[in-house]
Amino acid sequence: MSGLLATRRRTRELPERLSALDAVVTAAEGRVRPELVDAARGVLEQAGQRMRLSPGSTVVALAGGTGSGKSSLFNALSGSALSTVGVRRPTTSDTHACVWPPADAGPLLDWLGVARRHVVPEAEADPALHGLVLLDLPDYDSTEARHRREAERLVGMVDILVWVVDPQKYADAALHERYLSRLRAHRAVTLLVLNQADLLTPDAVEACVADLHRLLKADGLGAAPVLALSARTGAGLPELRGVLSAAVAKRAAATERLSADVDAVVDRLAGELAEPADGQALGTVGRKERARLREALALAAGVPVIEDAVRRASLARTVAATGWPFTRWIGRLRRDPLRRLHLEAPAGRSSLPPPSPVARAGVYGAVRGVVDAASHGLPEPWARAVASAAQSSEADLDDALDSAVTSADLPDTRRVRLWERGVRLLQLALAAVALAGVAWLCALFVVAWAQLPDPPTPDVGPLALPTVLLLGGALLGLAVAGLSRVVGRAAARRAARRVGAELRRRVDDVADAHVLEPVKDELQRYVAAREALRRAG
Amino acid sequence: MSHSADEPAAGGGLLPRLGALRAALDEVDLPLELPGADAVRAEARALAGQLDDYVLPRLRSIEAPLLVVVGGSTGAGKSTLLNSLVRARVSASGVLRPTTRAPVLAHAPADAAWFTGPRVLPGLPRETGQPGSPGSPGSLALVASPAVPAGLALLDAPDIDSVVSANRELAAQLLAAADLWVFVTTAARYADAVPWSLLREASGRSAAVAVVLDRVPPEAQQEVAEHLAAMLRDEGLGDAPLFVIAEGGVHDGLLDEDAVAPVRGWLHELAGDAAARAAVVRRTLHGALAAYPERVGRLATGLAAQAAAGEALQAAAAEPYAAATDRVDAALEDGSLLRGEVLARWQEIVGTGELLRHLESRLGRVRDRVVAAVRGRPAPGEELTVALESGVEALVLAEADRAAEQAVAAWRAQPGGAQLLEAAGPGLGHASAQLRPAAQRTVREWQGGLLELVREEGAGRKATARVLSYGVNGAGLVVMVAVFASTGGLTGGELLVASGTSVVGQKLLEALLGDEAVRRLAAKARADLRSRLDSLLEGERERFTALVPEGLGERGATVAERLRGEAAAVARELRSAR
Ligand SMILES: Nc1nc2c(ncn2[C@@H]2O[C@H](COP(=O)(O)OP(=O)(O)OP(=O)(O)O)[C@@H](O)[C@H]2O)c(=O)[nH]1
Ligand SMILES: Nc1nc2c(ncn2[C@@H]2O[C@H](COP(=O)(O)OP(=O)(O)OP(=O)(O)O)[C@@H](O)[C@H]2O)c(=O)[nH]1
Ligand SMILES: [Mg+2]
Ligand SMILES: [Mg+2]
């Protein structure tokens with residue numbers, strides 16, 4: 001009926017599981033309760049040490065309340081009187097060890113911290129028990145707190161746990177609540193012995209064993225075997241010996257126990273790394289949230305203000321270059337709206353206004369939207385980690401945005417375009433024509449005033465040529481100026497759009513670097529932790 | 001049974017005092033899940049239970065039979081001992097642990113009247129079924145037995161240490177109600193930690209205790225008995241009678257007659273000796289009462305902790321909302337709300353002479369509408385209103401969101417906060433769903449109220465009339481612009497960007513309304529908006545503060561005061577009775 005080491009779950013993969021657990025710890029540190037991280041670290045450390053120390057040996061501990069007969073059983077199994085059996089409770093206060101050959105259990109026992117050792121001579125040893133290290137623990141339920149601490153320490157380290165109970169104590173809360181119900185992961189390395197069966201009738205023994213099975217099921221240890229025996233009469237001892245020798249022969253108890261430790265800590269970690277709620281896919285920030293964030297940052301960076309300034313500057317240049325030469329000097333009196341923003345100064349801050357509270361509110365809301373979307377369904381501490389990843393750089397955002405904007409390559413809005421040059425020449429020519437008309441008309445006027453003979457003046461249609469020159473030059477100049485303004489307006493809009501696109505690209509980079517990347521990293525951390533946990537579990 | 005009302009312990013003032021204490025205990029309310037609150041709640045329950053089960057009934061009828069509770073570990077043989085004492089199997093015993101789930105009380109037939117009613121242990125319904133059959137849990141089986149001497153009743157209690165937690169709780173209740181505790185243990189169990197913690201507690205309140213050490217192997221008798229006696233002495237129980245019952249087997253469920261003879265003899269002697277009985281009663285009762293000031297002190301400490309935690313939670317929620325209110329106020333104050341979208345709209349209006357047109361002609365409004373229809377977008381004046389509205393709304397929403405987030409984080413770190421958040425469900429981390437519509441409504445109401453303000457301000461009848469002649473929209477716009485433009489919170493750059501237009505606007509308004517009036521009006525309108533927005537945020541904060549039970553601190557302090565007062569009065573009565 002041995003259920004001991006019956007499952008042999010994944011013990012072969014223990015090293016992989018341990019390294020996966022290590023990965024979980026690395027990824028989840030700071031995102032799960034610190035005591036869990038400590039517990040996982042403890043398991044890793046203990047596993048590393050135990051696997052280095054005669055992993056083929058099987059350390060079996062007899063644990064139980066005071067007076068249940070641990071020492072009697074220890075003596076009966078080892079065929080000796082090593083451990084004192086007493087009537088005064090509690091009796092045993094130091095752990096005793098009995099080592100079966102082929103024994104070099106010294107370092108192992110050093111690690112276990114067990115000083116009182118006995119080696120069974122090769123000649124007397126039952127070969128079936130070779131490789132066994134048997135421990136007689138102090139009790140866990142007497143008034144001696146020191147005993148309880150020692151027992152608890154070793155219960156956490158040994159390979160196989162044999163819980164020795166008796167008809168009086170088998171249902172004690174101290175046993176079930178403090179130990180058995182917390183060791184459900186260790187069911188494959190747990191065995192219960194109902195000692196002092198000689199005090200009960202066979203029927204009563206059967207009833208007690210059945211009752212104990214019921215309690216174990218409630219503890220989550222339904223698979224743990226129960227043996228009824230009597231250390232005093234020796235009844236049932238061969239069965240226990242058989243179970244132990246089978247377990248020793250498998251040489252897998254150490255890995256099995258460590259595996260159970262990993263199970264236990266993985267179970268606890270799984271509680272804090274729960275599946276995202278309602279099965280939603282994780283690790284994505286939707287297109288909508290991203291767009292909202294970028295728009296909010298662009299607004300905060302003053303992109304619309306710059307766009308507008310570029311548009312107006314560009315238009316002002318066109319007007320200055322191609323306007324009617326007689327009036328265009330007026331435009332020069334205005335300051336260049338773009339230069340007023342001091343965007344060209346790469347070292348200092350620009351003169352862009354700081355983001356308005358409304359723009360800031362927009363940024364906060366957009367970042368929050370990203371966080372909410374990203375952390376939907378995440379366990380609470382992870383959601384908090386996502387939030388702080390996204391918001392940690394909120395204070396730097398102003399500067400980051402400003403430097404993104406100032407370092408942008410803005411087109412030189414003052415450089416006169418080729419077509420504008422052409423138009424300017426044309427305007428000059430037209431102005432010259434108009435002026436020539438004026439001069440001619442003046443000359444004619446002077447001639448008329450001096451009452452000289454009229455020089456021959458060619459006519460164009462009903463008008464005289466100088467009049468045509470003057471009116472034509474002026475009107476054409478105005479028309480060209482108007483036309484250029486229309487073209488310039490379109491060009492200005494295009495320039496503004498180009499600048500806007502370039503600025504938005506830069507702002508998007510800021511959004512990525514300061515908000516989206518940190519969030520993505522955090523989500524990846526969660527996914528990595530879950531993935532590692534799956535490999536560890 | 002001669003010692004009745006003149007018994008010192010029953011001294012006149014004690015009963016009413018204890019009644020008042022009992023009533024005050026019902027008021028003890030510990031709603032916050034603080035560390036240690038469970039222990040305080042349990043203490044309050046235990047105290048009330050002991051008053052109901054034991055102290056009050058004992059004081060009311062000091063002559064009632066002694067209640068002897070047989071208590072101890074499971075399997076120690078408590079039921080077997082009781083059966084052996086009454087020479088009948090009145091309480092089931094068995095090999096399965098634990099056996100006894102419902103207590104069994106054996107009394108002399110003459111004493112039946114003391115126990116059938118709810119005088120003692122009123123919470124346990126009486127059951128008088130087949131003796132020896134397992135009683136239903138939660139009830140008290142009564143057995144009249146001629147083997148029990150009059151003046152004393154024996155109660156077989158459930159165990160104190162098995163996996164069945166209901167047994168442990170019931171046992172604790174029964175032990176607190178005992179005049180005398182007969183602690184039953186065995187050679188295997190006598191050093192167990194659980195019973196010793198109870199013994200220590202009993203010793204601390206100097207309750208009367210007797211010890212029966214059962215199942216002692218004959219060869220171990222002396223060593224074990226001596227060891228146990230030494231342990232008892234160490235815990236201040238050296239005067240407790242110790243009976244050792246040697247392992248002699250159980251026959252028909254009963255122990256050998258001569259094995260239990262010493263215990264029976266002692267009990268009979270006690271029952272027969274009224275003075276000794278009275279001494280036992282006095283000792284346990286005084287011990288219990290003497291502990292009350294300290295126990296009540298623990299309750300008061302627990303209540304104070306609740307009050308402090310409630311206050312800390314309120315403060316933790318108030319702080320981020322106060323900061324949010326400050327930021328909203330600052331944004332209104334320094335005119336920076338006018339930046340961005342609002343500024344652009346403002347420019348559009350002033351820069352294009354829209355404002356003047358808007359103000360100066362009724363025709364303008366008609367034309368506006370035509371233009372709006374042609375261009376497919378609302379007139380600039382309307383756009384400015386919308387921009388302002390959505391600016392204020394966005395600001396308030398974001399600040400409320402931020403404050404909610406911070407308040408949740410602060411509560412999570414506070415004792416008791418996480419559990420309140422849990423109970424409130426999700427959503428507390430964000431601004432409430434109705435905040436957005438509420439903010440919109442608020443801004444609109446504020447705008448609606450602006451005209452009223454102009455009228456009140458009475459900036460010269462003529463000016464008012466002039467402003468009002470622009471119609472509701474126009475006038476609202478005038479004042480709104482005044483509110484945000486007159487603060488001059490814009491940076492030089494922005495003013496330049498706005499090409500000085502806001503200054504132009506300001507001048508225009510001043511010309512219209514008068515310098516002083518504009519300033520006054522703007523200040524008033526701003527204060528109005530601010531108080532409206534502040535009360536919005538206050539509503540948001542109340543989502544948190546309403547979770548902390550109202551008046552927690554005052555009620556707790558009153559109850560603690562009452563408890564302390566009554567306990568002190570009890571102590572005084574006790575001293576004067578001695
Ligand atoms: N009848 C009977 N008595 C037993 C049996 N096993 C042990 N005992 C007795 O139980 C008592 C306690 O035995 P120990 O072996 O000292 O018990 P322990 O579990 O080591 O106790 P501690 O060292 O105090 O924790 C002794 O008096 C033993 O003789 C048994 O199988 N049957
Ligand atoms: N050998 C022996 N067995 C006893 C003695 N006293 C009790 N028992 C047996 O121990 C078992 C438990 O006895 P109970 O009287 O039911 O113990 P209890 O203290 O009432 O236990 P709970 O009701 O579970 O708290 C029964 O099987 C009894 O027959 C004794 O002095 N000697
Ligand atoms: Mg021992
Ligand atoms: Mg019983």
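Predicted model: local features only at pLDDT ≥ 70, side-chain atom pairs only at ≥ 80, totals over all residues.
Student: Let's start with chain B. How far apart are the end C-alpha atoms of helix H1(B), and what span should its 13 residues give?

Tutor: Helix H1(B) runs over residues 14-26. At 1.5 Å a residue, those 13 residues should span 18 Å. That agrees with the model, where the end C-alpha atoms are 19 Å apart.

Student: Within what arc do the buried residues of H1(B) fall, seen down its axis?

Tutor: The buried residues here are Leu14(B), Leu18(B), Leu21(B), Arg22(B), Ala24(B) and Leu25(B). They line one face of the helix, because seen down the axis of H1(B) they fall within an arc of 160°. The arc you asked for is 160°.

Student: And which residues are exposed on the other side of H1(B)?

Tutor: Start with the buried residues of H1(B), which pack against helices H2, H9, H10 and H22 of chain B. Exposed means over 50% relative accessible area. On the other side of H1(B), the residues that are exposed are Pro16(B) and Asp26(B).

Student: On to the metals. Which residues coordinate the magnesium ion (ligand 4)?

Tutor: One donor atom is an OG and the other an OG1, at 2.0 Å.

Student: Is Thr100(B) buried or exposed?

Tutor: The cut-off to keep in mind is that buried means under 20% relative accessible area. Ser79(B) is buried, with a value of 7%. Thr100(B) has 11% relative accessibility, so Thr100(B) counts as buried.

Student: What about chain A: which residues are the protein donors of the magnesium ion (ligand 3)?

Tutor: The donor atoms, an OG and an OG1, lie 2.0 Å from the ion. One residue is in helix H3 of chain A and the other in the loop between H3 and strand S2, 21 residues apart. Both count as buried, at 10% relative accessibility for Ser71(A) and 11% for Thr92(A). The donors, then, are Ser71(A) and Thr92(A).

Student: Back to H3(B). How many of its residues are buried?

Tutor: The buried residues include Lys78(B), Leu81(B), Asn83(B) and Val86(B). H3(B) is followed by Arg87(B), whose phi is positive, near 60°. The helix itself is mostly covered, and the count of buried residues is 9 of 9.

Student: What is the relative accessible area of Ser73(B)?

Tutor: Ser73(B) has its place in the loop between strand S1 and H3 of chain B. Leaving out residues up to four places away in sequence, Ser73(B) touches several residues, among them Lys78(B), Asp159(B), Asp161(B) and Arg189(B). Ser73(B) is buried, and its relative accessible area is 0%.

Student: Now the rings. What kind of aromatic pair do Phe243(B) and Trp266(B) form?

Tutor: A search of the whole structure finds 9 aromatic pairs over all chains. In this one, the centres are 5.6 Å apart with 50° between the planes. Phe243(B) lies in strand S8 and Trp266(B) in helix H8, so the pair ties together parts that are 23 residues apart in sequence. As for the kind of pair, Phe243(B) and Trp266(B) are tilted.

Student: How many residues apart in sequence are the parts tied together by Trp411(B) and Phe544(B)?

Tutor: This aromatic pair is edge-to-face, at 5.4 Å centre to centre and 80° between the planes. Both Trp411(B) and Phe544(B) are buried. Trp411(B) sits in helix H14 and Phe544(B) in helix H21 of chain B, so the pair ties together parts whose separation in sequence is 133 residues.

Student: Last one: which residues does Ala20(A) touch, not counting residues up to four places away in sequence?

Tutor: Ala20(A) lies in helix H1 of chain A and is buried, with a relative accessible area of 0%. Contact here means heavy atoms within 4.5 Å. By that cut-off, Ala20(A) touches Ala532(A), Arg535(A) and Ala536(A).

Key: Residues numbered from 1 in each chain as written. Chains lettered and ligands numbered in written order. Heavy atoms only, no water. Helix = DSSP H or I, 4+ residues; strand = E, 2+ residues; numbered from the N terminus. Expected span 1.5 Å × (residues − 1). Buried < 20%, exposed > 50% of the residue type's maximum accessible area, 1.4 Å probe, protein only. Arc of directions from axis to C-beta. Donors = N, O, S within 2.8 Å, 3.2 Å for Na, K, Ca; no water. Phe/Tyr/Trp six-rings, centres within 6.5 Å; stacked < 30°, edge-to-face > 60°.
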